[in-house]
Amino acid sequence: MKILLSCLWPTLFLVSCVTSQVAEIGDVEKERGNTAISQSLPSVTPVLDGVRADMTALANATTTPKVYDAVKRDNGITELYLEGQHYQGKPTRIFALYSAPQTPYVTKSGEIPAVVLVHGGGGSAFEQWVTKWNDAGFAAISIAVEGQTDQKDANNKWQKHAFSGPARAAIYGDADKPISEQWMYHAVSATITARKFLASQPNISKSDIGLSGISWGGVITSTVIGFDPSFKFAIPVYGNGFLDQMDNQYGRSLAENLSYKNVWEPGLNIEQYKNPSLWLTWRNDVHFALDAQAKTYGLLSNNVANSIKLGIRHGHIAGWKQPESYFFAHQVINNNASWVESRDLILTEDNTASATFQIKLSPQMYTVQSAKVNFTAGQGHTGPASWQEMSASWRVKSNGTITVEFENMPKDVTHWFINIEVDIKSDSQKIDEALTVSSAVYSANT
C-alpha cells in the first residue's frame with residue numbers, strides 16, 4: 001500500500017483567494033509514500049526560500065527574546081509579552097502565560113522539560129492548559145497568536161492589546177498581502193520565539209522543549225516543525241497539512257490559493273523534522289480529514305505515533321485532556337523516541353486487514369485490552385462519513401510486537417484504520433484510562 005498524491009503546483013505567484021469562515025472551536029499507514037508525495041511538492045520557490053531563511057535565522061539566533069510587562073498572578077502563572085516580528089513597519093508583542101512545575105519531571109540532565117502550547121480558532125493563551133502540562137512535570141508557555149490577551153471584553157471577545165500583529169484572516173485569506181504581513185508568518189515566528197524564551201529560563205533543558213497545538217494550533221505545529229525542527233517532540237491535535245485537498249471549507253477556500261500551496265503547506269518542509277511526533281485526533285472530526293492527516297505524517301521518516309479517538313469531539317478542553325499526549329511526552333524525554341509505532345498496514349487480496357504495532361515498553365508495564373478496526377465506504381471527507389467499528393484479533397510477542405488482523409473487510413471500503421487500547425501500569429505516572437494507539441489510515445485510491 002502506498003500513500004500517493006497527484007498534483008502539479010505552479011511556480012509561486014501570490015494571489016487573492018476565496019475564503020470561508022471556519023467554525024471556532026471555542027464556539028461550537030505507516031508504509032510511507034514519501035517519494036511520491038515529495039515529487040509532487042515544489043522544493044524551493046523564491047518566497048518559500050526566503051521564509052525558510054527568516055525562520056532559520058530566528059531559530060538559530062543567540063539572542064534571548066525580549067520580555068515586557070511580566071506579572072506573576074496569584075495562582076503562580078506569569079503573564080508576559082514577548083517581542084514579535086514587525087507588522088506594517090510597527091513593533092508587535094506576543095501575549096503569553098508561563099509557569100514552571102512544582103514537581104518537575106526531571107530529564108537525564110537533571111533539568112526541567114518544557115513545552116510550547118498554541119491555541120486554535122476562538123482560543124487564546126490558556127491557564128488551564130499550562131496547568132495540565134505543569135501537572136505532568138513540564139514548564140509550559142501558552143501563547144496567543146492573534147494579538148489578543150486572555151481577558152474578554154463586554155462582547156465576550158478576547159481583548160486586543162496595544163501591540164497586536166495580524167489576526168487570522170479566515171483560511172489564509174491574507175494571501176494577497178506581503179509575506180511578512182501574513183498571519184501564518186507571525187504565528188510561526190511567535191511559536192519559535194516562545195521556544196527560545198523557554199530555553200532562556202533557568203533550569204530548563206534547552207534540548208527537551210516540545211510543541212503542541214490544537215486545531216489551527218495543530219496546523220501551526222505541523223508548519224513550525226518544518227521550519228524549526230529542534231523541538232524535542234511535536235503533538236498536533238486535530239490539525240494537519242494538505243488542507244487544500246480536503247472536501248470541506250478548507251478545500252473550497254484553498255483551491256486557488258498559491259500562497260498556501262507554495263509557502264505554507266506543511267508538507268513542503270515537514271520532512272526536515274526527525275524527532276518523535278504524536279498525531280492525535282477525533283475520528284469524526286469535520287474540520288480535519290484523516291487521509292489529509294495521514295499524508296502529512298506520511299512524510300515523516302520514523303518515530304510517528306497516532307491516536308484516533310472516538311467521541312472526544314473538537315475543542316480545546318477535549319484536546320488537552322487526553323492522556324496520550326502526556327504519556328507520549330514523558331517517554332520521549334526518557335528515551336528520545338516514541339513509545340509505540342505502527343508498521344505494515346496491509347489489505348490483502350482476500351480482504352484481510354492487518355497492522356503491526358511495536359511497543360517499546362517492558363512487558364510488565366502494559367497490557368493490550370482490545371483491538372478494533374474502524375472502516376467506512378464513505379466518499380470524500382472522512383469526518384462526516386458513516387463509520388463502523390468491529391473487534392479484531394491480536395497476538396502479542398515477547399519483544400513488544402503486536403499483530404492485529406481483521407478478516408472479511410468489505411470490498412467497497414474507502415478508509416480504514418486499526419485501534420488498540422493499551423492499559424499502562426506505571427508507578428511514576430497516574431493513568432486512569434487506557435491509551436488509544438492507532439495505525440496509520442489506509443485510504444483507497446491514494
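This is a predicted model: local features need pLDDT of at least 70, side-chain atom pairs count only at pLDDT 80 or more; totals for chains, interfaces and linings use all residues.
**Residues with positive phi**

- Asn303, a residue other than glycine, has a positive phi, with a value near 60°.
- The relative accessibility of Asn303 is 12%, and because buried means under 20%, Asn303 counts as buried.
- Phe242 is likewise not a glycine, yet its phi is positive, at about 55°.
- The loop that holds Phe242 runs between strand E9 (234–237) and helix H6 (249–254), and with a relative accessibility of 0% Phe242 counts as buried.

**Helix H8**

- The buried residues of H8 include the charged-side-chain positions Asp291 and Lys295, together with Leu290, Ala292, Gln293, Ala294, Thr296 and Tyr297.

**Packing of H3 against H10**

- Helix H3 (residues 127–135) packs with helix H10 (residues 323–335) at an angle of about 45°, and the axes of the two helices are 10 Å apart.
- Roughly parallel would require an angle under 35 degrees and roughly perpendicular one of 65 to 115, so H3 and H10 are oblique to each other.
- The crossing in which H3 passes H10 is right-handed.
- On the H3 side the contact is made by Trp129, Lys132 and Trp133, while H10 contributes Ser325, Tyr326 and Ala329.
- Sorted by class, the residues in this contact of H3 with H10 are 4 nonpolar, 1 polar and 1 charged.

- Strand E4 (residues 112–118) is mostly covered, since 7 of its 7 residues are buried.
- Ile112, Ala114, Val116 and Val118 point one way from E4, whereas Pro113, Val115 and Leu117 point the other way, and the residues of both groups are all buried.
- E4 pairs with strand E8 (residues 204–214) in the parallel sense over 6 bridges, and within this pairing Val115 has Gly210 of E8 as its bridge partner.
- E4 also pairs with strand E5 (residues 139–143), again in the parallel sense, over 5 bridges, and here the bridge partner of Val116 is Ile141 of E5.

**The antiparallel sheet**

- An open sheet is formed by 4 strands in the order E12-E13-E17-E16, and the pairing in this sheet is antiparallel.
- Strand E12 (340–347) and strand E16 (393–396) stand at the edges and have a single partner strand each, so one side of each is left without a neighbour in the sheet.
- Neighbouring strands of this sheet are turned against each other by 15° on average, when direction is ignored.
- Within the sheet, strand E13 (residues 353–359) and strand E17 (residues 401–406) pair in the antiparallel sense over 6 bridges, and Gln358 stands opposite Thr401 in E17.

Note on methods:
Residues are numbered from 1 along each chain as its sequence is written. Side-chain values use heavy atoms; hydrogens and water are left out. Buried means under 20% relative accessible area, exposed over 50%, partly exposed in between (1.4 Å probe, protein chains only). Axes are lines fitted to C-alpha atoms, for helices over the stretch in contact, and angles run from 0 to 180 degrees between N-to-C directions. Angles under 35 degrees count as roughly parallel, over 145 as roughly antiparallel, 65 to 115 as roughly perpendicular and the rest as oblique. A crossing is left-handed if the near helix is turned anticlockwise from the far one by less than a right angle, and right-handed if clockwise. Contact means heavy atoms within 4.5 Å. Two strands pair if DSSP finds at least two bridges between them.
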